[in-house]
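Subject: Structure handover

Hi,

Here is the structure I promised to pass on. Have a look at it first, and then read my notes below.

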Amino acid sequence: MNGSEKIIPLVIGKFLKPRCMKNCKYLPLFYDANSKAWMTADIWEKTLRRWDLNFSKQKRKVALIADNCTTHCTVDDLKSIELVLLPSSSTFVLQPLDQGIIQNFKATYRKLLLQDMISATDRKERLQVPVLNVVFYIDQSWNMVSQKTIANCFRHAGFHSSPEYEELLEDADENLPLAELAEKLQNRRYAIPVENLYAKIDEDLATNSEALIQVIVSNVLNLNAGGSDDEDDSINIRCA
């Protein structure tokens with residue numbers, strides 16, 4: 001919570017083996033998939049057990065604070081992790097990620113995307129963003145979230161670190177030039193929402209579902225379906 005350590009991110013896509021990753025020998029983060037690109041109870045358990053094994057090797061004890069959503073189920077026999085699920089309807093107050101960490105991460109991600117859009121526009125090309133590019137955008141964006149930002153967000157959520165870190169806990173508002181980049185695209189006749197709307201464009205995007213039988217069956221059938229991983233996974237952005 002003092003921002004000195006970051007867990008390697010997990011990316012969830014729609015296809016387990018995207019075509020763009022066929023010859024990729026290394027990913028800077030973890031990757032999993034299902035038909036909806038949602039967090040599921042199975043992926044959640046797999047992730048917790050991976051973290052638990054790593055912390056056990058380091059002989060550490062960790063309290064993991066998580067949202068109380070359907071897919072964030074309890075996991076038995078964890079050796080190093082104590083899972084703390086937040087009360088319902090309290091995430092916006094008590095979850096440090098919601099105090100500015102996610103917003104900072106997304107703003108940086110969109111800055112990287114806009115920079116590539118501007119370059120593609122100047123070359124009179126259509127920008128293609130395969131999942132592999134997204135993975136590296138995410139890795140770079142997460143690395144750019146500062147220790148100071150993380151420490152401040154934990155403090156705003158009510159978590160206080162030891163006194164030696166208090167000097168880090170100043171205003172963490174890091175102005176990223178999204179507005180300037182958006183204006184450059186607009187000058188190139190590319191329609192884009194104003195900065196504050198663009199930064200929050202996916203705020204209401206569903207990231208998990210209720211644990212319905214139909215959803216579970218659909219996910220299983222999708223994983224067993226042959227050839228579905230070979231679909232085109234690129235996002236095409238046409239620059240006018």
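A term to start with: contact here means heavy atoms within 4.5 Å. What you have is a predicted model, so local features need pLDDT of at least 70 and side-chain atom pairs count only at pLDDT 80 or more, while totals for chains, interfaces and linings use all residues. Residues are numbered from 1 along each chain as its sequence is written, and side-chain values use heavy atoms, with hydrogens and water left out.

Let's begin with Ser 141, which sits in helix α4 (residues 131–144). Helices are DSSP runs of H or I with at least four residues, strands are runs of E with at least two, and both are numbered from the N terminus. Is Ser 141 buried or exposed? With a relative accessibility of 0%, Ser 141 counts as buried. (Buried means under 20% relative accessible area, exposed over 50%, and partly exposed in between, using a 1.4 Å probe and protein chains only.) If you set aside neighbours within four places in sequence, Ser 141 is in contact with Phe 105, Thr 108, Tyr 109 and Leu 112.

Rings of Phe, Tyr and Trp (its six-membered ring) pair if their centres lie within 6.5 Å; planes under 30 degrees apart are stacked, over 60 edge-to-face, and the rest tilted. How many aromatic pairs does the whole structure hold? The search finds 2. In one, Tyr 109 and Tyr 137 have ring centres 5.5 Å apart and planes at 75°, so this pair is edge-to-face. Tyr 109 belongs to helix α3 and Tyr 137 to helix α4, 28 residues apart, so the pair links distant parts of the chain. Both Tyr 109 and Tyr 137 are buried. Then there are Phe 154 and Phe 159, with centres 5.7 Å apart and planes at 75°, which makes that pair edge-to-face too. Phe 154 is buried at 19% relative accessibility, whereas Phe 159 is partly exposed at 25%.

Phe 154 brings us to helix α5 (residues 147–156), whose buried residues are Thr 149, Ile 150, Ala 151, Asn 152, Cys 153 and Phe 154. Part of their cover comes from α3 (101–122). Just after α5, Gly 158 takes a positive phi of about 100°.

Next, Asn 208, in the loop between α7 (195–199) and α8 (213–224). Asn 208 is partly exposed, at 25% relative accessibility. Asn 208 and Met 39 are 169 residues apart in sequence, yet their C-alphas are 5.1 Å apart in space. Beyond four places in sequence, Asn 208 is in contact with Trp 38, Met 39, Cys 69 and Thr 71.

What about disulfides? Counting a disulfide as a pair of cysteine sulfur atoms within 2.5 Å, the total is 0. Cys 69 is in none, as the nearest cysteine sulfur, that of Cys 73, is 9.2 Å away. Cys 24 is partly exposed, at 26% relative accessibility.

Finally, have a look at helix α2 (residues 91–94), where you'll find Val 93. Val 93 is partly exposed, with a relative accessible area of 41%.

Cheers
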